[in-house]
Amino acid sequence: MEQNNNGRKPIMPNNNKVPKFNPYWIYGLIAMAIIFISTMNIGNGPQDISYGDFEKELLASDDIEKIVVIRNELKAEITLKEGTVDKHKSLFVLDRTPSTVGPHFSVNIPSIDSFETSRKSVEEKTGKQILVFYEQRSGLSEFIWPLWPLLLMFGLYYFLFRKMSGGSSGGGGGIFSVGKSRAQVVDKNNSVNVSFKDVAGLDGAKEELVEIVEFLRNPKKYTDLGGKIPKGALLVGPPGTGKTLLAKAVAGEADVPFFSMSGSDFVEMFVGVGASRVRDLFKKAKEKSPCIIFIDEIDAIGRARGKNGGFSSNEERENTLNQLLTEMDGFGTNSGVIILAATNRVDILDRALLRAGRFDRQISVDLPDLHEREAIFDVHLRPLKLIANFDKSFLAKQTPGFSGADIANVCNEAALTAARKNKQAIDKQDFLDAIDRIVGGLEKKNKIITNDERRAIAFHEAGHASISWLLRYAHPLVKVTIVPRGRALGAAWYLPEERQITTREQLLDEMCSTLGGRAAEEVVFGKISTGALNDLEKVTRQAQAMVVYYGMSNKLPNVSYYDSTGHSDMSFSRPYSESRAQVIDSEVSAMIEEQYARAKQILIEHAEEHKKLAELLLEREVIFADDLEAIYGKRPWDNRGDILAAEASEAKAEEIAPNTTEEPAESASEEA
């Protein structure tokens, strides 16, 4: 027999597997038996006939063996002599089969007296006595048959009752087990095939989680020195950075039971259900300690009390949080139970939840840097079929600001793009097209645009490109296109510098570059359009942050109204006066107008180069970094321009389509 790559024999399907016994089969068999017996009784029972036919056809004949009169029902059952049934076959309906032993006929009699009168009259005429028996009948069938609908309703009720209560197997999910925990348990019988090797980057976060797993595997190593096992760790970071993946890796690496549950699973419409589920979860965890409890999106129940959007202090969510706080570090002990949680909204969590003794550690899971993106790409490129000598290093450079989930999406989109083009392997251009599509959206070359609109878009995008190339701290532009993508009529892509802090000069240069499109419209055409909506929104938000948060304005230096605690979310008043609000508005407007005037001045000074760039954009629809370098020259303060120009030249040398060149992660200008 052949073996697979792991050296194991292939598991053959078992076609002779015997199904598990279900007690409901007995109920079904009993019901079928009752229905069958009832059907048999109906098919072979006595034939109902009228009293007139009884007197004319049967009573007057000498074929009656006996008559049984049921007094309490005023009914008579007639049994014929053997061999005489065929003589009276006309009284049976066509599809009726006569009983072999009788009774054969049944008749409703007007009264006992009238029946006796008719019988005696026939006996006098024939001179033969008719055998008659009288009885009172109260059989089981007569008692059960009127109760059949009630019994059926009771059976249905019993069946539904067992389902609602969770069934005989003890499973949760019924209405009577609504307070039970819905956590998924991962143990030796139900393992997760994810380990820390599958988590690229995030070395710091993995180091702390590996230590927690080691705590559970070898606690004596730490307790001998007087240390205590940490009670909880909170994974904090933006969406898509791998918080849940890290939890899966912990479940795969740890040799202890792992309870996984979402924060929203505690929330229910019934009062007290959330707290009950918290109690049940920790009860099960204590029974299997040492173990790990993972609560994903804990902000669903961990929001700071008093800020839940309602005005009742006795809200169900707060009761759930109170119970969680008590279970994590209350009067009782949870020895051997470690709580992991994940959230991307740590600022709104309750302070009591974040204190030491509940979540002893906050593990930051940030967006990956250049080296971490390379490692993440290595993981997601493993299952892909790439061309020979594929250069992986450029992918991380082209995706600044991408999360792990974004990188996985890029790899998948590149595979789909290659398959769409009927390629046998994925090449570099497929990844560039995938990044284009994710950042800017799908190309819409068939979108109807007039020549005037197309010209306005070209000068608008050329304004962005010119100013970003001429300003020192603006992000160098890599690609500009006037091909519509998504909802944008044109877009400009930059390669932003990965920095941890940003200076005032850098923010102002970026703001001036963003306003370059609107400034170009006014300088060239003497009028403005709605195409700069996205630009204006960005610079307004950026200017407000500089004035209100960063303290970078002239009239309000070193003043910040940013609340990192999140307590101002439900506040009905601003943290500054009306006069201060007017100063903030004036400073924001002055800052934007200053950079707008600066952008116009730059475009006026370089009007010839700006026009040449716009005409080139109209001709090609897409321009690259080397096109800007050919018109404006090299950027003396930044060697990244040389790198981008070399990459663009390489793309053209390979005869890549002009609208599918390498592009960075951020689209800083999109026209509405």
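How many helices and strands are there in the chain? The chain holds 24 helices and 15 strands, where helices (H or I, at least four residues) and strands (E, at least two) are DSSP runs numbered from the N terminus. This is a predicted model, in which local features need pLDDT of at least 70 and side-chain atom pairs count only at pLDDT 80 or more, while totals for chains, interfaces and linings use all residues. Residues are numbered from 1 along each chain as its sequence is written, and side-chain values use heavy atoms, with hydrogens and water left out.

**The chain as a whole**

- Of the 672 residues, 42% count as buried; buried means under 20% relative accessible area, exposed means over 50%, and partly exposed lies in between (1.4 Å probe, protein chains only).
- The accessible surface of the chain comes to about 37300 Å², as given by the Shrake-Rupley method with a 1.4 Å probe; for residues, only the protein chains shown count as cover.
- Carbon and sulfur atoms contribute 53% of that accessible surface.
- Among contacts (heavy atoms within 4.5 Å) with a separation of 6 or more, 75% are between residues 24 or more positions apart.

- Helix H19 (residues 516-525) packs against helix H21 (residues 578-605) at an angle of about 55°, with the axes 9 Å apart. That angle makes H19 oblique to H21.
- Axes here are lines fitted to C-alpha atoms, for helices over the stretch in contact, and angles run from 0 to 180 degrees between N-to-C directions. Angles under 35 degrees count as roughly parallel, over 145 as roughly antiparallel, 65 to 115 as roughly perpendicular, and the rest as oblique.
- The crossing of H19 past H21 is right-handed; a crossing has this hand if the near helix is turned clockwise from the far one by less than a right angle, and is left-handed if anticlockwise.
- On the H19 side, Gly516, Arg518, Ala519, Ala520, Glu522 and Val523 meet Tyr596, Ala599, Lys600, Leu603 and Ile604 of H21. By class, this contact has seven nonpolar, one polar and three charged residues.
- In this classification, Ala, Val, Leu, Ile, Met, Phe, Trp, Tyr, Cys and Pro count as nonpolar, Asp, Glu, Lys and Arg as charged, and the others, Gly among them, as polar.
- The axes of helix H17 (residues 451-470) and H21 come within 10 Å and cross at roughly 95°. H17 and H21 are therefore roughly perpendicular to each other.
- Gly463, Ser466, Ile467 and Leu470 of H17 make the contact with Ala599, Ile602 and Leu603 of H21. The residues of the H17 contact comprise five nonpolar, two polar and no charged ones.

**Helices H6 and H8**

- Helix H6 (residues 203-217) and helix H8 (residues 243-253) pack at about 30°, their axes being 10 Å apart. H6 and H8 are therefore roughly parallel to each other.
- H6 passes H8 in a right-handed crossing. From H6, the residues in contact are Ala205, Lys206, Leu209, Val213 and Arg217, and from H8 they are Leu246, Val250 and Glu253.
- The contact of H6 with H8 has five nonpolar, no polar and three charged residues.

**The loop between strands E3 and E4**

- Leucine 91 lies in the loop between strand E3 (75-80) and strand E4 (105-108), and is buried, with a relative accessible area of 17%.
- Not counting residues up to four places away in sequence, leucine 91 touches Gln47, Ile49, Asp53, Glu57, Leu58 and Phe105.
- Phenylalanine 54 is 37 residues from leucine 91 in sequence and 9.7 Å from it in space, C-alpha to C-alpha.
- Serine 99 is also placed in the loop between E3 and E4, and is buried at a relative accessible area of 15%.

**Residues with positive phi**

- Most residues other than glycine have a negative phi.
- Asparagine 389 has a positive phi, near 55°. Its place is in the loop between helix H13 (370-381) and helix H14 (393-397), where asparagine 389 is exposed, with a relative accessible area of 80%.
- Glutamate 621 likewise has a positive phi, near 75°. Glutamate 621 is located in the loop between helix H22 (607-620) and strand E14 (622-624), and counts as partly exposed at 30% relative accessibility.
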